[in-house]
Amino acid sequence: MTPRPPSKPPAPHRVVALLQPPQSTFTLACAAEVFGDHGPVIPARYTFEVCTERPGPVPTQAGYDLLVTAGLDALERADTVLVPGWRQASGTEVPPAVVEAVRRAHRRGARVVGLSSGAFVLAAAGLLDGRRATTHWSRAAELAAWFPRVRVDPAVLYVDHGDVATSAGSAAGVDLCLHLVSADQGAAYAMRIARRMVMPPHREGCQQQHAELPTSGPVADSLAPLLEWLAGRLDQPVSVAEMAVRSQVSARTLTRRFTEQLGISPGRWLLDRRIAATRALLEETDLPVETIAHRVGLSSAVNLRRRFHEALRTTPAAYRRAFRVDKAG
């Protein structure tokens with residue numbers, strides 16, 4: 001019997017960022033850090049390049065120029081078109097050539113992503129008509145006024161429709177990019193990138209963009225030390241009362257801080273982390289569900305299956321099979 005030759009690894013997913021002057025360097029860097037080269041530690045599954053309407057020097061908000069050699073034709077080769085911000089003055093229309101290039105890429109089947117004010121470009125191309133979308137909270141009213149057919153949600157971190165996605169400003173762009181990597185390559189691969197970037201645990205899109213600062217009194221302490229402590233103890237049952245003792249506050253105060261800073265309750269945050277860890281173990285190991293349940297602190301296979309189905313509308317076994325079929329294909 002002739003052995004079957006090993007299958008070729010799939011071609012890297014091409015991400016092309018569409019730059020426009022004055023370009024936001026932070027938003028661009030967020031995308032480049034997620035989709036760019038991470039060295040030999042993490043196998044490359046993406047290529048990242050940039051283009052612009054008029055190749056040449058592209059001014060940035062940081063006071064220096066970026067030399068971009070590729071034009072809009074680069075979008076014709078993209079699997080994902082990414083717009084890292086749109087910083088034009090109020091009332092400025094998106095150039096017709098840019099609008100048509102984005103529409104053409106979308107019609108061809110490319111995913112189109114707007115980070116922060118990049119949502120304005122997607123809206124101008126008609127890709128958000130009748131759909132829920134978000135942008136930086138400070139420009140949400142402007143987006144809604146310019147494009148009344150878009151259902152603007154100024155509260156969430158990001159919205160993903162599969163073929164198009166939008167995010168809030170600044171670090172929410174990283175959250176959306178990591179979410180897309182998780183959808184493309186699995187939770188384990190996304191977690192590798194997050195660790196490489198020294199990022200905190202991934203935030204879900206439904207979390208709120210920002211919290212209003214109190215009118216008086218000190219700003220609430222950061223939850224970062226507690227979140228790091230919890231992430232290292234996913235295999236252990238931890239109650240809200242125990243979290244409060246660790247943070248040296250009352251359970252009510254801790255719950256309020258979670259709501260203000262993360263937009264969700266302590267229990268929901270912890271469950272989200274347990275589900276993410278479950279996905280990674282299903283993707284990367286052959287461990288039985290009972291063993292995984294104990295490793296992620298969900299106590300039993302029955303409890304894990306119930307929680308997993310509530311979160312993802314599928315079973316652990318079906319998720320594992322589907323993920324491996326997708327990767328093999």
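1. A nonpolar core is a set of buried Ala, Val, Leu, Ile, Met, Phe, Trp, Tyr and Cys residues joined through side-chain atoms within 4.5 Å. Here, buried means under 20% relative accessible area, exposed means over 50%, and partly exposed lies in between (1.4 Å probe, protein chains only).

2. The structure is a predicted model, in which local features need pLDDT of at least 70 and side-chain atom pairs count only at pLDDT 80 or more, while totals for chains, interfaces and linings use all residues. Residues are numbered from 1 along each chain as its sequence is written, and side-chain values use heavy atoms, with hydrogens and water left out.

3. The largest nonpolar core has 32 residues, and Leu-75 and Val-102 are those with the most contacts inside it. At least two residues of this core come from each of strand E1 (13–19), E5, helix H2 (96–108) and helix H3 (119–124); helices (H or I, at least four residues) and strands (E, at least two) are DSSP runs, numbered from the N terminus. In soluble globular proteins, nonpolar side chains tend to be buried together.

4. Which residues does Val-102 touch, not counting residues up to four places away in sequence? Val-102 touches Leu-18, Leu-75, Val-112, Val-121, Ala-125 and Leu-127, where contact means heavy atoms within 4.5 Å.

5. Charged pairs deserve a separate point. A search of the whole structure finds 12 salt bridges, each being a side-chain nitrogen of Lys or Arg within 4 Å of a carboxyl oxygen of Asp or Glu. Glu-100, Arg-104 and Arg-107 are linked in a network of such bridges.

6. Arg-77 and Glu-49 meet through their side chains in a salt bridge (3.7 Å, N to O). This pair links distant parts of the chain, 28 residues apart: Arg-77 is in the loop between strand E4 (65–68) and strand E5 (80–84), and Glu-49 is in strand E2 (residues 46–52). Arg-77 counts as partly exposed because its relative accessibility is 40%, and Glu-49, at 26%, also counts as partly exposed.

7. Arg-111 forms a salt bridge with Asp-184, with the closest N and O atoms 2.8 Å apart. Again distant parts of the chain are linked: Arg-111 is in strand E6 (residues 111–115) and Asp-184 in helix H5 (residues 172–185), 73 residues apart. Arg-111 has 10% relative accessibility and therefore counts as buried.

8. Asp-272 and Arg-268 form a salt bridge (2.9 Å, N to O). They are separated by about one helical turn because they lie four residues apart in helix H10 (residues 266–284).
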